[in-house]
Amino acid sequence: MQKYAKEQAQNWARQARQAKLSRMTQKHPFLFVGLPFLIAVVGGSFVLLPSQETKYEVRDKHIKSAPIDKLKSAKREFNIQEEYFRMQTNGTWNADWEPKRVERPPEDEPVFDRQGPK
């Protein structure tokens with residue numbers, strides 16, 4: 001009997017806390033919903049900031065370690081004819097490809113207003 005009374009008292013206390021929290025949430029929605037959301041967003045940005053800094057530092061270190069002359073010499077000039085012939089010899093050019101026109105709606109279908117502005 002004493003165990004049942006204790007459980008019932010705990011249930012009443014839990015329901016009272018829930019009712020009080022519900023009333024306070026309805027009274028001050030920003031305090032109980034908006035503020036925790038903003039704290040989570042701002043806190044998440046501070047948590048992710050060091051990883052982003054590390055990413056950019058590694059990239060900068062990699063770029064600065066490469067000599068500029070080597071980067072300039074590795075860069076080649078673009079020529080459309082050379083690219084065309086290179087693609088044909090490498091097999092990346094599909095020989096049986098041909099351009100096909102997209103089917104268009106019939107002319108009697110009113111696609112545009114042919115009367116013009118009034």
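1. The count of aromatic pairs in this predicted model comes to 1, where rings of Phe, Tyr and Trp (its six-membered ring) pair if their centres lie within 6.5 Å, and where planes under 30 degrees apart count as stacked, over 60 as edge-to-face and the rest as tilted.

2. As the model is predicted, local features need pLDDT of at least 70 and side-chain atom pairs count only at pLDDT 80 or more, while totals for chains, interfaces and linings use all residues.

3. The structure holds 1 salt bridge, a term that stands for a side-chain nitrogen of Lys or Arg within 4 Å of a carboxyl oxygen of Asp or Glu. The partners are arginine 86 and glutamate 83, with 2.5 Å from N to O. Arginine 86 and glutamate 83 are 3 residues apart in helix H4 (residues 80-90), and therefore separated by about one helical turn.

4. Leaving aside residues up to four places away in sequence, glutamate 83 touches Arg76 and Phe78, where contact means heavy atoms within 4.5 Å.

5. As to the overall fold, the protein has 4 helices and 0 strands, and its elements run α-α-α-α from the N terminus on; helices (H or I, at least four residues) and strands (E, at least two) are DSSP runs, numbered from the N terminus. Of the 118 residues in the protein, 2% are buried. The protein exposes about 12,300 Å², of which carbon and sulfur atoms supply 60%, with accessible areas taken from the Shrake-Rupley method with a 1.4 Å probe, and with only the protein chains shown counting as cover for residues.

6. Confidence should be read alongside these points. The mean pLDDT (the predictor's confidence in each residue, from 0 to 100) of the protein is 80, and 81% of its residues reach 70 or more. Confidence is lowest in helix H3 (residues 68-74), at a mean of 68, and highest in helix H2 (residues 29-65), at 88.

Terms used:
Residues numbered from 1 in each chain as written. Heavy atoms only, no water. Buried < 20%, exposed > 50% of the residue type's maximum accessible area, 1.4 Å probe, protein only.
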